[in-house]
Amino acid sequence: MTVLVIGGSGFLGAELVRQATAAGHTTAATYATKPGALSQAVWYPLDLRDPERLDAVMAEVRPHLVINTASRKADWAATAQGPVRLAKATAKHGTRLVHVSTDAVFSGTRVHYDEGSLPDPVTPYGAAKAAAETGVLVVYPEAVVARTSLIIGSDGRSEHEQAVRELAAGIRDGVLFTDDIRCPVHVADLTGALLELASSDESGIHHLAGPDAVSRHELGTLIARRDGLDASRLPQGLRAHSTLPGALDVRLDSRSTQRKLGTTLRGVRQFCMASA
């Protein structure tokens, strides 16, 4: 099987490339600024805002599966319209599509969100991701839209782990919020689940987050202890007292999707303890 990872040079994309090639799949990946480090993949520059380039890449790679991890924050053309353009291209080629979305499509008003919950974003980024979800499934109902939460690794390469290390070292300004709650997931678990969904007959919305709901500060403490850092050096504060926009408490309920998977989505307390 030929797999094309859109955004393969990113944190999640790189793990998808690694696991896909390890599974014996012919793997291609795209990048925005520079190719990723994994030489097992064939790399292509791609901006989803460019329909001609997208058609050229699809025609050259001829993938059986496309997994889209790319996003440019609140850039509407890239984050909202780009995935819809990709869905049209994959539908035209009869290619399986998995589009990765986010818990930012929710406001936090309800706190607990399952796959049947309707998006109600409160930020431009969340609105762009919500629009992408809707557009992808309108033009390609057979696609999978997989919402996830904070993505953590074991080697410090995620943005959340890097922030914790810099805060503990005193070389970064800011605080870790005690009232900002999410359900982190390990990048290896998430990747395994995405590839498993891709090989199934599933379609529509699926949630892929860990079962542990933790604050940003508790997450930082778990990472610090795992990495042998002084967790007492991590500054804390309340997001409710800040000017930072966004939801406070968003907990993705992934139980329905988890029951369909052989891949276990571990809680952050479990995988941080296992890595300590």
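Which residue forms a salt bridge with arginine 226, and how far apart are the closest N and O atoms? The partner is glutamate 161, with those atoms 2.7 Å apart.

## Ground rules

This is a predicted model, in which local features need pLDDT of at least 70, side-chain atom pairs count only at pLDDT 80 or more, and totals for chains, interfaces and linings use all residues. Residues are numbered from 1 along each chain as its sequence is written, and side-chain values use heavy atoms, with hydrogens and water left out.

## Salt bridges

Side chains of opposite charge can pair when their charged atoms come close. Here a salt bridge means a side-chain nitrogen of Lys or Arg within 4 Å of a carboxyl oxygen of Asp or Glu, and by this rule there are 21 of them. Back to our opening pair: Arg226 sits in helix α7 (residues 216-226) and Glu161 in helix α5 (residues 159-169), so their bridge ties together parts that are 65 residues apart in sequence. Helices here are DSSP runs of H or I with at least four residues, strands are runs of E with at least two, and both are numbered from the N terminus. Both Arg226 and Glu161 are buried, where buried means under 20% relative accessible area, exposed means over 50% and partly exposed is in between (1.4 Å probe, protein chains only).

Asp189 and Arg266 also meet in a salt bridge, at 2.9 Å from N to O. Asp189 lies in helix α6 (residues 187-198) and Arg266 in the loop between α8 (255-258) and α9 (268-275), so this pair links parts that are 77 residues apart in sequence. Asp189 is buried at 9% relative accessible area, while Arg266 is partly exposed at 23%. Then there's a network: bridges with shared partners join Asp103, Asp180, Arg182, Arg216 and Arg239. Within it, Arg182 and Asp180 pair at 3.0 Å, N to O, and both are buried.

## Nonpolar cores

A nonpolar core is a set of buried Ala, Val, Leu, Ile, Met, Phe, Trp, Tyr and Cys residues joined through side-chain atoms within 4.5 Å. The largest one has 28 residues, and Leu12, Leu194 and Leu208 make the most contacts inside it. Elements giving it two or more residues include β1 (2-6), α1 (11-22) and β5 (96-102), but α6 gives the most, with seven.

Take Leu194: leaving aside neighbours within four places in sequence, it is in contact (heavy atoms within 4.5 Å) with Leu12, Leu16, Val98, Val100, Ala146 and Leu208. Another core, of 19 residues, lies apart from the largest one and has Leu4, Ile6, Tyr44 and Tyr140 among its members.

## Helix α5

The buried residues of α5 are His160, Glu161, Ala163, Val164, Leu167 and Ala168. They cover an arc of only 160° around the axis (taken from the directions from the helix axis to the C-beta atoms), which puts them on the same side of α5. These buried residues pack against α1, β8 (151-152), β9 (176-177) and α7. Just after the helix, Gly170 takes a positive phi of about 75°.

## Cysteines

There are zero disulfides, a disulfide being a pair of cysteine sulfur atoms within 2.5 Å. The sulfur of Cys183 is 14 Å from the closest cysteine sulfur, that of Cys272, too far for a bond. Cys183 is buried at 3% relative accessibility, and Cys272 is buried at 2%.
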